[in-house]
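Please look over the sequence and the model below. The paragraphs after them go from the whole chain to two single residues.

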Amino acid sequence: MKSPKPYIYTDNNSNTMEDYAQSILRLKRPEDPVDVVLDTDPYNEVDDQFAIAYLLQYQDRLKLKGIYAAPFFNHHSESPADGMKKSYEEVFHVLTMLDREEFAPMVYKGAPGFLRDEKTPIESPATEALYRQAMQYTPEHPLYVIGIAACTNIASALLLHPEIKDRIFVVWLGGMSFEWHDNASFNAGQDVAAARVLLGSGVPLVLLPGRGVLDHFTTTGPEMEYWLRGKNAFCDYILDKTAKEASVCNGERCWSRPISDVAAIGWLLGQNFMLDRLEHSPIMQYDNFYSNDKRRLFIRYVYSINRDKLMSDLFERLACYE
């Protein structure tokens, strides 16, 4: 692998009017088929598996070019490195169940841990794959990076190869809503340094927050039983896994479970699945709160989701697997 290039993370507060205008123009949702890569931690819980299966049913519009395993640390892993390794293996498990092993050669291991600061990237097969792939694209026709995990791999690639900033478009699920009382989200909270790098990089970015927005995209056991049970091996697997995860994390007899990661796919598809607005990129702080600086470039911020419309499409697509 190439050695890291010198790069100092800094908030760029000397933006011109042209910079602001360009940041808005580059945030347009794609209308034609585009190439995408997925940064994911599927062993973490259940919504990543839903997202992978959903994405693979839209290969006519979102052409998958790579899957990167991201680190995570919770009750399913012994360390961030163990979480990444288990996620890497889970990707292959999902592809096998879906009978989509042709995507196996494009699965890459990511970082074995989280960033120690905002200047020191972690090299991995995923960062090098993202660099190689991104350099084939242009600002007018970027590579779309769908991030549904801690953004360690994405931030590391930006630190190692800042030139890709103008060749990628990131859709990231991280942080809480701007109206939520804190910002202690799983994806952002595990690697705040990476979140700060990504949000301050100037890369075209769509931010999908968890609590207050995507926690509205929930399903229940009876609903999944009705729509998914018996449709195929993956549907039975993910239904049972979701119920088990709900019993561990919720424990209530009547439970619901957010499957938020699917929304990152949904934003790229359009179809009135959600609403967004322009906001200046927020500053992720280490105390689990946001700070704001109106001099920062614009991002798209999702503030509402059409739960029923997106869930209907998700269930319909999942049931189509043989």
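With 322 residues, the protein chain would have a radius of gyration near 20 Å if it were a compact globule, and its value of 18 Å agrees with that. This radius is taken over C-alpha atoms, and the globule rule is 2.2 Å times the number of residues to the power 0.38. The model is a predicted one, in which local features need pLDDT of at least 70 and side-chain atom pairs count only at pLDDT 80 or more, while totals for chains, interfaces and linings use all residues. Residues are numbered from 1 along each chain as its sequence is written, and side-chain values use heavy atoms, with hydrogens and water left out.

The C-alpha trace spans about 55 × 40 × 40 Å along the principal axes of the protein chain. The chain holds 11 helices and 12 strands; these are DSSP runs numbered from the N terminus, with helices (H or I) of at least four residues and strands (E) of at least two. Of the contacts in the chain with a separation of 6 or more, 80% join residues 24 or more positions apart, where contact means heavy atoms within 4.5 Å.

Buried residues make up 59% of the 322 residues. Buried means under 20% relative accessible area, exposed over 50%, and partly exposed in between (1.4 Å probe, protein chains only). Carbon and sulfur atoms account for 50% of the accessible surface, which comes to about 13,600 Å², by the Shrake-Rupley method with a 1.4 Å probe.

Now to the first residue. Asp 313 lies in helix H11, which covers residues 307-319. Asp 313 counts as buried because its relative accessibility is 11%. Leaving aside residues up to four places away in sequence, Asp 313 touches Tyr 54, Tyr 58 and Phe 273. With the side chain of Tyr 58, the side chain of Asp 313 makes a polar contact at 2.7 Å. A polar contact is a pair of N or O atoms within 3.5 Å; within protein, one must be able to donate a hydrogen and the other to accept it, and residues adjacent in sequence count only if both atoms are side-chain atoms.

The other residue is in a loop. Ser 185 sits between strand S5 (168-173) and helix H6 (186-190), and its relative accessibility of 10% is why it counts as buried. The side chain of Ser 185 reaches the backbone nitrogen of Gly 175 at 3.0 Å. A polar atom of that side chain also lies 3.2 Å from the backbone nitrogen of Ala 188. Not counting residues up to four places away in sequence, Ser 185 touches Gly 174, Gly 175, Met 176 and Gln 190.
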